[in-house]
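Colleague: I am new to this structure, and I would like to learn how to read a few of its features with you.

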Amino acid sequence: QAQSIADNIRLNQIGFYPAATKVAVVVGENNGGKFYLKTADGSKTVFTGQLTQSKPNEFSKKPTRIADFSGFNKPGTYVLEIPGVGKSYTFSIKPEVHKAVADAGLKAFYYQRMSIDLPEKYAGKWHRKAGHPDSKAIVHPSAASDKRPTGTVIYSTRGWLDAGDYNKYIVNSGITTGTLLAAYEDFPAYFKTQKLNIPESNNQVPDVLDEALWNLRWMLTMQDPNDGGVYHKLTNPAFDGMVMPDKSDKPRYVVQKGTGAALNFAAVMAQASRVYKNYNKDFPGLADSMLTAATRAWEWAQKNPKVIYDQETNNNQFEPKITTGAYGDREFSDEFIWAASELYASTKQDKYYTAVNLFPDTNMPLPSWNQVRLLGYYTLARHQNSLTPVAKKDLPELKKRLVTFADELIAGANERTYRTVMGKTEKDYIWGSSSVAANQGIALINAYKLTNDKKYLEGAISNLDYLLGRNAVGFSFLTGFGKKSTMNPHHRPSVADGIKEPIPGLLSGGTNARANVQDKCAGYPSNASADEMYIDHDCSYASNEIAINWNAPFVYLASGIEALQNK
Ligand code: G3I
Ligand code: 9MR
């Protein structure tokens, strides 16, 4: 049956758990009407329902109708048919429906590995040669010290490509790796059985920890052993062209040390030390070295609490000028909270806990590369049963904040145009908005773990539905998954490899209200509302790049939901 698919029917293009809420959204005015859930071949109607009108949100003002078929729960492959509109993408109702996307989201980190060949055995048709050995990274004048003057070379191999570009940035690596380790800490049983077909898949260590180690080992090289400080990034002076990794061979530099880098590093190394301690026989001495590294970076930050990486100022003083991603945070109270929380959770030494003010104000900033306070809160909540008295007394306040924050996120979600937690206000649609949806989902899963109240889990699933297609542009933002998914991400290997399909499992940054003014690519829809500013074009780094700090919360969200699916 060659019937075309109605792009106006928006739904999670992968599918639904049997017992979950199941919603599709029909864009466009047309009061009421019926919808039909049919077997994939269209031969049999298995469920009939009434469409309901939604309330347009204040920024898009677009009306939608909602098809809710939560009442149907028989596993199988189905389509929705809506008279006057057409039929939807084919989707599944089944247990483990998001297992493949969760796996792919993590496998994507393997494809981001630097300094190593990706053979066909693991990388399939996207196999490629190693690039960026980084065995001789040059100390940039902004990073010069007595012991390591300008031009000193350091061995700084491994790590993941940050995003669509080929540089390695400590603050972004830190939150990314921290989020993957948090996923493991929260759902260890789930990750212990996962097999991703990476080179280490046959060892005794969960693949997520083997993969994270590829980056952690690089991060360790970014600490100056002479003083414990951490370089902000390892980078080319300027972004490369759209070439394969092995064709990107310009000199690379480590730049100035900074407080943000030191604290990010301290946080994730402290966290990693407690996680890898359980694998001491696989990695003898690793956990201890990580904790020592974390402590030294923390001490450096105590002595240097306000060292900003200010790329513009540096460029007025030093050559070569550096114009790659700045990740230029200027406020470090949240980094202190995260690092203190991780060091405290790993050592149970009160001195870390009391070194910071855990509640400097009532804000609950959603995690991003420059807002890491909640990463510390999640960790303290996760370790609530082993806190010392000084931290235990703050626990009720901590839990209250986490749950209140989740309540604010879900408030009104069922009245929203796309029935998702994502999209409460147009402020959700920033550069990398897909990670906003995923990080909101993580906040909700944390609230679920604290309360056992299913409404939080449902809210988290609504944002996974958002990412996989139930959104204002109708895209699944995960490459390789969904009939209408991101095909042309701003991702150098995907562009340069000559293969039509992008590397799979990468999360596009997604809709960004200001993308058209930020990257100035041609083709953005005119008069787009905040939730519609997206183009699937590799020119569009402001709406269609991929990044490790967006993939990691996706992995947490999809894996956490898989782990909790029978709750
Ligand atoms: O902080 C302001 C906020 O006060 C304001 O309300 C808001 C309104 O748009 O803007 C906020 O600043 C934004 C900032 O991110 C913090 O969220 C900027 O507009 C926005 O341009 C900036 O985008 C960052 C982008 O680099 C450009 O610097 C993204 O977060 C960041 O993910 C992205 O990271 C790049 C790396 O530099 C290089 N590698 C690829 C990576 C992904 O695109
Ligand atoms: O490829 C770069 C991407 O990773 C960054 O997120 C983005 C913003 O910093 O910049 C991209 O590089 C562009 C550069 O800024 C301007 N010239 C075109 C580059 C893309 O090909």
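Colleague: Which residues in H6 meet which residues in H9?

Modeller: Before the answer, note that this is a predicted model, in which local features need pLDDT of at least 70 and side-chain atom pairs count only at pLDDT 80 or more, while totals for chains, interfaces and linings use all residues. Residues are numbered from 1 along each chain as its sequence is written, and chains are lettered from A and ligands numbered from 1 in the order in which they are written. Helices (H or I, at least four residues) and strands (E, at least two) are DSSP runs, numbered from the N terminus, and two residues are in contact if their C-beta atoms, placed from the backbone, lie within 7 Å. Here, Gly260, Leu263, Asn264, Ala266, Ala267, Ala270, Gln271, Ser273 and Arg274 in H6 meet Glu335, Phe336, Trp338, Ala339, Glu342, Leu343, Ala345 and Ser346 in H9. These contact residues comprise 9 nonpolar, 5 polar and 3 charged, where Ala, Val, Leu, Ile, Met, Phe, Trp, Tyr, Cys and Pro count as nonpolar, Asp, Glu, Lys and Arg as charged, and the others, Gly among them, as polar.

Colleague: At roughly what angle do the axes of H6 and H9 cross?

Modeller: Axes are lines fitted to C-alpha atoms, for helices over the stretch in contact, and angles run from 0 to 180 degrees between N-to-C directions. The axes of H6 (residues 259–276) and H9 (residues 333–347) cross at roughly 25° and come within 8 Å. That makes H6 roughly parallel to H9, since angles under 35 degrees count as roughly parallel, over 145 as roughly antiparallel, 65 to 115 as roughly perpendicular and the rest as oblique.

Colleague: How do H15 and H19 pack?

Modeller: Helix H15 (residues 454–467) packs against helix H19 (residues 548–563) at about 125°, with the axes 10 Å apart, and the two are therefore oblique to each other. Their contact has 8 nonpolar, 1 polar and no charged residues.

Colleague: Which residues are around ligand 2?

Modeller: A residue is near a molecule or strand if its C-beta atom, placed from the backbone, lies within 6 Å of it. Around ligand 2 we find Ala163, Gly164, Asp165, Phe239, Gly325, Tyr541 and Glu545, a shell of 3 nonpolar, 2 polar and 2 charged residues.

Colleague: Which residues does the annotation "domain: Cellulase Ig-like" cover?

Modeller: In UniProt, an unreviewed entry gives this annotation to residues 7–86. In the model, that span is 0% helix and 45% strand, and its end C-alpha atoms lie 9 Å apart.

Conventions: UniProt positions renumbered as here; feature names shortened; annotations may be inferred.
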